[in-house]
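Dear colleague,

I am passing on the model we spoke about, with notes on helix packing and a few loop residues. Please read them with the structure open beside you.

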Amino acid sequence: MNTPSKNRIKVVPEITTNLRNNFVRVPGIIREASGIRFFGKRLKSFIFTTDVAIIKNTDADAVIAVYPFTPQPTITQAILTVSDIPVICGVGGGLTHGTRSGNIALHAEFQGAIGVVLNAPTPSETIRYVKESIDIPVICTIVSEFADIAEKLESGADIINVSGGAKTAAIVKRIRSEYPLVPIIATGGPTDASINETIEAGANAITFTPPSNGDLFKDRMKMYREIDNQRYQDHQED
């Protein structure tokens, strides 16, 4: 029987180029999560964005593409066309529900999404309809400790997505104590400590909200100004 070598190298080599070494990195602490296997692929970090430039330049395992507008297949198509990592898509559940959510979910599956997300207010009938319409996981969002988890799961939810603000870790802990095996995705918050707390509470995967395109550009523009300033000083000295 082969046993692991004590001299096995545990450092993970990183390959990049001069043009591609600037990308959005998710916090390393997320790697401590167990992850969730989607069709054989283990995913731990989900970047919460619909910005295709960020989606194309991140080391996250997957994308959670949920936005505060009526779900539109063209948006899903644009994201899936650009993304080289798996995508789970929002398909409504608030103002958009019933047959329409089911149709949008089916369209998302046909375009390549690996799962669909339903908003917190989603009625049980819509969860059931979406579940019957597609062959990819149904993910239901929970935003407070008052949510009826049992009803969501009985209606067909495969995964619970917790987004409870400052109470997220506490909500995750309660769900995990009642449902030891249910897959849980959760927001991790802004710090390594808050992410670790959520993982310790029982989250299998973490969603990470990246800086906006504008915020990222601020740092880049600052660097450009410093370069211009240095060039000017060098020119003056010549």
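**Helices α6 and α7**

In the predicted model, Thr168, Ala169, Val172, Lys173 and Arg176 of α6 meet Glu197, Thr198 and Ala201 of α7, where contact means heavy atoms within 4.5 Å. By class this contact has three nonpolar, two polar and three charged residues; Ala, Val, Leu, Ile, Met, Phe, Trp, Tyr, Cys and Pro count as nonpolar, Asp, Glu, Lys and Arg as charged, and the others, Gly among them, as polar. Helices (H or I, at least four residues) and strands (E, at least two) are DSSP runs, numbered from the N terminus.

The axes of α6 (residues 168-178) and α7 (residues 192-201) come within 8 Å and cross at roughly 10°, which makes the two helices roughly parallel. Axes here are lines fitted to C-alpha atoms, for helices over the stretch in contact, with angles running from 0 to 180 degrees between N-to-C directions; angles under 35 degrees count as roughly parallel, over 145 as roughly antiparallel, 65 to 115 as roughly perpendicular and the rest as oblique.

On α7, the buried residues are Ser194, Ile195, Thr198, Ile199 and Ala201, and they cover an arc of only 160° around the axis, which puts them on the same side of α7. Buried means under 20% relative accessible area, exposed over 50%, and partly exposed in between (1.4 Å probe, protein chains only), while the arc is that of the directions from the helix axis to the C-beta atoms. These buried residues of α7 pack against α6, β9 and β10 (205-208), and the face turned away from them carries the exposed residues Ala193, Glu197 and Glu200. Just after α7, Gly202 takes a positive phi of about 130°.

**Helices α2, α3 and α4**

For α2 (residues 73-82) and α3 (99-111), the axes come within 10 Å and cross at roughly 20°, so this pair is also roughly parallel. Pro73, Thr76, Gln77 and Leu80 of α2 make the contact with His107, Ala108 and Gln111 of α3, a set that divides into three nonpolar, four polar and no charged residues. This crossing, too, is right-handed.

In α4 (residues 124-133), Ser124, Thr126, Ile127 and Val130 are buried; they cover an arc of only 160° around the axis, and therefore lie on the same side of α4. They pack against α3, β6 (115-118), β7 (138-142) and α5 (149-155), whereas Glu125 and Glu132 are exposed on the face turned away from the buried side.

**Two loop residues**

Phe39, in the loop between β1 (36-38) and β2 (41-43), has a phi near 55°, a positive value in a residue other than glycine, and is exposed, with a relative accessible area of 58%. Tyr179 lies in the loop between α6 and β9 (184-187) and is partly exposed at 24% relative accessible area. Leaving aside neighbours within four places in sequence, Tyr179 is in contact with Ile149, Ala150 and Leu153.

**Conventions**

Residues are numbered from 1 along each chain as its sequence is written, and side-chain values use heavy atoms, with hydrogens and water left out. As this is a predicted model, local features need pLDDT of at least 70 and side-chain atom pairs count only at pLDDT 80 or more, while totals for chains, interfaces and linings use all residues.

Best regards

How values were computed
A crossing is left-handed if the near helix is turned anticlockwise from the far one by less than a right angle, and right-handed if clockwise.
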